[in-house]
Amino acid sequence: MKILVFSDSHGNRHAMSEVVAAEQPDEVFYLGDGLADLDLLRVENPALPITAVAGNCDRMGSAPWESTVERAGKRFFLTHGHTYSVKSGPGGLIAEAKRQGVDATLFGHTHQPLCEKVNGLWLLNPGSVGWRCSPSYGVIFLKNGQIFCRLTKSDC
């Protein structure tokens, strides 16, 4: 299974569409700050499952602040990260992820790409797909009961 992870599109509606066309994922996780940008993605890919959480720049009501989902036997905690003060470090987020017993925690907000395993917990921040000069996104692969991830970043 291949899952694309986007965050912080901030009005750049076409960036995600281009990545989905190139990567052909099974699903998309969206981590906030541009929920309205998903409209185009949903129109162009009506069969593509999209799980989204709201960010600090999104209007509440259309998505929850956080979500815990299971895919292929692995549990993922999705949040934008602002409610866990991730700009000051991932400590609060890691504590919540451990409390929930998830395998991976996915967050945005900082616009800084990160993909690493810390004490058995995957941390993935796809950065910002909306940055005009250096957009980035994450890819999660679920295979043989394991999680693998990579980051893709473009430079101008």
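1. Contact means heavy atoms within 4.5 Å. Keep that in mind for the packing described below. The model is a predicted one.

2. Start with helix α3, residues 91–100. Its buried residues are L93, I94, E96, A97 and Q100. They span an arc of only 165 degrees around the axis, so they sit on the same side of α3. What do the buried residues of α3 pack against? Four strands: β4 (66–71), β5 (74–79), β6 (104–106) and β8 (121–125). Just after α3 comes G101, with a positive phi of about 70 degrees.

3. Now look at strand β1, residues 2–6. Is β1 mostly covered or uncovered? It is mostly covered, and five of its five residues are buried. Both faces are covered. K2, L4 and F6 are buried on one side, while I3 and V5 are buried on the other.

4. Strand β1 has neighbours to pair with. Strand β9 (residues 136–143) runs antiparallel to β1, and four bridges join the two. Within β9, G138 is the bridge partner of V5. Strand β2 (residues 27–30) pairs with β1 in the parallel sense, also over four bridges. There, Y30 of β2 stands opposite F6.

5. How does the chain get from β1 to β2? Helix α1 (residues 13–23) belongs to this stretch. Together, β1, α1 and β2 make a right-handed β-α-β unit.

6. Next, the nonpolar core. The largest one has 19 residues. Which residues touch the most other members of the largest nonpolar core? They are L4, F6, V28 and L38. The elements giving two or more residues to this core are β1, α1, β2, α2 (38–44), β3 (50–52) and β9. Helix α1 gives the most, with four residues. A second, separate core holds 16 residues, among them L31, V53, V69 and I140. As background, nonpolar side chains tend to be buried together in soluble globular proteins.

7. Leaving out residues up to four places away in sequence, L4 touches V19, V20, E23, P25, E27, V28, F29, Y137, G138 and V139.

8. Turn to charged pairs. Side chains of opposite charge can pair when their charged atoms come close. How many salt bridges does a search of the whole structure find? It finds five.

9. Take K2 and E23. They form a salt bridge, with the closest N and O atoms 2.7 Å apart. K2 is in strand β1 and E23 is in helix α1, so this pair links distant parts of the chain, 21 residues apart. Both K2 and E23 are buried.

10. Take D37 and R13. Their closest N and O atoms are 3.9 Å apart in a salt bridge. D37 lies in the loop between β2 and α2, and R13 lies in helix α1, so the pair ties together parts that are 24 residues apart in sequence. Why does D37 count as buried? Its relative accessibility is 4%, and buried means under 20%. R13 is partly exposed, because its relative accessible area is 33%.

11. Take E27 and R71. Their side chains meet in a salt bridge at 2.8 Å, N to O. E27 is in strand β2 and R71 is in strand β4, 44 residues apart. Both E27 and R71 are buried.

12. Salt bridges can share partners. Here they join K2, E23 and R150 into one network. R150 lies in strand β10, residues 146–153. At 31% relative accessibility, R150 counts as partly exposed. Residues up to four places away in sequence aside, R150 touches K2, E23, C115, Y137, G138, V139 and F141. The C-alpha atoms of R150 and F6 are separated by 12 Å, although the two residues are 144 apart along the chain.

13. Last, K74 in strand β5. Again leaving out residues up to four places away in sequence, K74 touches V69, D103, L142, G145, Q146 and I147.

Definitions and conventions
Residues are numbered from 1 along each chain as its sequence is written. This is a predicted model: local features need pLDDT of at least 70, side-chain atom pairs count only at pLDDT 80 or more; totals for chains, interfaces and linings use all residues. Side-chain values use heavy atoms; hydrogens and water are left out. Buried means under 20% relative accessible area, exposed over 50%, partly exposed in between (1.4 Å probe, protein chains only). Two strands pair if DSSP finds at least two bridges between them. A crossover is right-handed if, with the strands pointing away from the viewer, the path from the first strand over the helix to the second runs clockwise. A nonpolar core is a set of buried Ala, Val, Leu, Ile, Met, Phe, Trp, Tyr and Cys residues joined through side-chain atoms within 4.5 Å. The arc is that of the directions from the helix axis to the C-beta atoms. A salt bridge is a side-chain nitrogen of Lys or Arg within 4 Å of a carboxyl oxygen of Asp or Glu.
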